[in-house]
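Subject: Structure for you to look at

Hello,

Here is the structure I said I would pass on. Please open it first, and then read the notes below alongside it.

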Amino acid sequence: MSTSKAVPKRHLEHLDGGRCIACIWIICMHFIPKANAGGLKPAVLRADVGVAFFITMSGFVTHWANEGKNLSTFAQVKRFYVRRFGRVIITTYVAMLAGIIVDIMNGHRPRFGHEVRCFLFVETWLEPDNWCSNGQTWTVAALLPSWILYPLMNGIVGEVERRGGSFALVVLGMMTWAISFGPSLVRYIQQDYWLTLHDHNYNYLWPPAQIADFTLGVVTASLVLRQANKEDALAEFQAPDDGALLEGRNCMNNHVLRGLMADFSLLVVFLLVVFTPTSGFQVGWEPLFDHGVSIFFAIFLYGSAAGNGAGNFAKLTSQKALRAAGAYSFEVYLFQYPVHKLYFIWDKETAHNSPEVFMTFFLSLWLVAGLYTEFIEAPIVRWLREITSEEVSVGAAATLTGEPGIGQLDLPEANLGCEYG
């Protein structure tokens with residue numbers, strides 16, 4: 001837990017719009033007709049990069065919402081777990097059931113033992129290549145270890161900050177990225193500069209493989225909050241004279257610089273994704289994208305969090321239309337498979353290769369996700385809030401204001417979007 005004075009935490013609206021764009025990218029990788037994709041086909045198929053963004057952002061928004069809390073007590077940890085897992089697990093189970101139902105409707109018989117392991121979130125631990133009926137739910141299973149370990153991460157990162165300040169946090173962030181990206185890079189070199197699909201699956205779908213990227217997001221949020229605490233302290237204690245005006249200008253210059261950092265980091269990712277020649281779908285050097293660009297997303301999160309969203313990309317994704325669509329991206333991701341499978345019942349011949357079918361599916365998917373969120377999930381969220389609202393002390397409850405999440409609740413998974421692929 002950070003020892004610095006906490007500042008009020010605002011909702012980072014540009015992340016809502018950003019997850020909308022990344023979610024569209026992932027859906028296109030799965031379902032858009034690719035026969036005429038041309039030179040953009042490799043970029044479309046590299047939506048695993050979007051997953052790296054969402055995993056890193058998951059750690060970022062989780063710490064953004066919970067930094068400064070005492071998660072060393074049983075009551076606080078229990079409260080965190082209920083709010084962290086409640087909505088996610090329930091919605092994931094609904095999506096899993098929907099996947100099984102549409103598989104049966106399409107003539108596939110589910111395997112009982114396999115589905116039980118999927119519902120217990122252990123199938124990807126045992127065999128990452130063995131997809132569940134609703135395959136995209138693998139990412140919830142992959143994130144569970146990180147969420148379970150977060151109270152411990154919170155304490156460790158806070159202690160690192162207390163002992164070493166910003167420099168120690170930067171070193172810790174670089175170490176977590178090395179742990180994330182290093183093994184696949186070493187294996188790539190050892191295997192004569194080639195990675196197999198099996199390598200990709202274990203480096204991507206196996207739950208422990210995502211812990212380091214999540215931790216990188218936690219460390220990045222700690223850096224952002226430390227900088228915000230410094231700026232708040234300057235504003236509070238600086239006398240209203242020319243010195244205060246100078247400090248204000250310095251803060252503004254810092255925000256501009258961080259905005260440039262954010263935009264430059266995404267430009268690097270864009271150039272790598274669009275212009276790197278392909279070595280085949282998820283083989284060769286393609287699996288290096290699974291974690292290799294996570295450090296650039298950490299830089300983006302650090303830079304764009306300055307002010308009310310620094311940088312041109314943050315300004316773009318802060319637009320109301322993108323933010324509104326991004327509010328449903330978590331549900332869009334989980335329901336994309338069963339909704340698309342329904343179109344196989346309608347027309348199996350064109351479900352995969354018709355642009356008209358894709359657009360109909362795309363629009364109906366967002367409609368289904370919105371209806372589920374507003375009329376089924378929202379009451380669940382309110383119920384979770386009610387059953388946990390009395391489990392904290394008056395002092396701890398004071399830290400809850402201004403946290404991000406659905407309806408501004410202490411449910412940071414609402415900012416995760418479809419951090420999946």
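Helices α1 and α3 run roughly antiparallel to each other, because an angle over 145 degrees counts as roughly antiparallel and theirs is about 150 degrees. Please keep in mind that this is a predicted model. Helix α1 covers residues 13–31 and helix α3 covers residues 48–66, and their axes lie 9 Å apart. Their crossing is left-handed. On the α1 side, the contact is made by Leu15, Gly18, Arg19, Ala22, Cys23, Trp25, Ile26 and Met29. On the α3 side, the residues include Asp48, Val49, Phe53, Phe54, Met57 and Phe60. By type, the residues of this contact divide into 13 nonpolar, two polar and two charged.

Helix α1 also packs with helix α15, which spans residues 329–346. Here the axes come within 10 Å and cross at roughly 15 degrees. An angle under 35 degrees counts as roughly parallel, so α1 and α15 are roughly parallel to each other. The crossing of α1 and α15 is right-handed. From α1, the residues that take part are Arg19, Cys23, Ile26, Ile27, His30 and Phe31. They meet Ser329, Phe330, Val332, Gln336, Tyr337 and His340 in α15. This contact divides into seven nonpolar, four polar and one charged residue.

Next, the largest pocket. How much space lies in it? About 570 Å³. It is lined by 21 residues, and those closest to its centre are Ile21, Trp25, Val269, Phe270 and Phe313. Which helix gives the largest share of the lining? That is α10, with seven residues. Helices α1, α2 (41–44), α3, α10 (242–275) and α12 (294–304) each supply at least two residues. The lining divides into 18 nonpolar residues, two polar and one charged.

Another pair to look at is α4 (residues 74–105) and α7 (residues 138–190). They pack at an angle of about 170 degrees, with their axes 10 Å apart, and are therefore roughly antiparallel to each other. In α4, the residues of the contact are Val77, Phe80, Tyr81, Arg84, Phe85, Val88, Ile89 and Thr92. In α7, they are Val140, Leu144, Trp147, Ile148, Tyr150 and Pro151. Twelve of the residues in this contact are nonpolar, one is polar and one is charged.

Last, a single residue. Phe119 is found in helix α5, which covers residues 112–119. Which residues does Phe119 touch, not counting those up to four places away in sequence? They are Tyr93, Met96, Leu97 and Ile100. Phe119 and Ala141 are 22 residues apart along the chain, and their C-alpha atoms are separated by 9.4 Å.

Regards

Terms used. Residues are numbered from 1 along each chain as its sequence is written. This is a predicted model: local features need pLDDT of at least 70, side-chain atom pairs count only at pLDDT 80 or more; totals for chains, interfaces and linings use all residues. Side-chain values use heavy atoms; hydrogens and water are left out. Axes are lines fitted to C-alpha atoms, for helices over the stretch in contact, and angles run from 0 to 180 degrees between N-to-C directions. Helices (H or I, at least four residues) and strands (E, at least two) are DSSP runs, numbered from the N terminus. Angles under 35 degrees count as roughly parallel, over 145 as roughly antiparallel, 65 to 115 as roughly perpendicular and the rest as oblique. A crossing is left-handed if the near helix is turned anticlockwise from the far one by less than a right angle, and right-handed if clockwise. Contact means heavy atoms within 4.5 Å. Ala, Val, Leu, Ile, Met, Phe, Trp, Tyr, Cys and Pro count as nonpolar, Asp, Glu, Lys and Arg as charged, and the others, Gly among them, as polar. On a 1 Å grid over the protein atoms alone, a cavity is a set of points where a 1.4 Å probe fits but cannot get out, and a pocket is an open set with protein on both sides within 12 Å along at least five of seven lines; lining residues have an atom within 4 Å of a point. Grid points are joined across faces, edges and corners, and a volume is the space filled by probe spheres set on the points.
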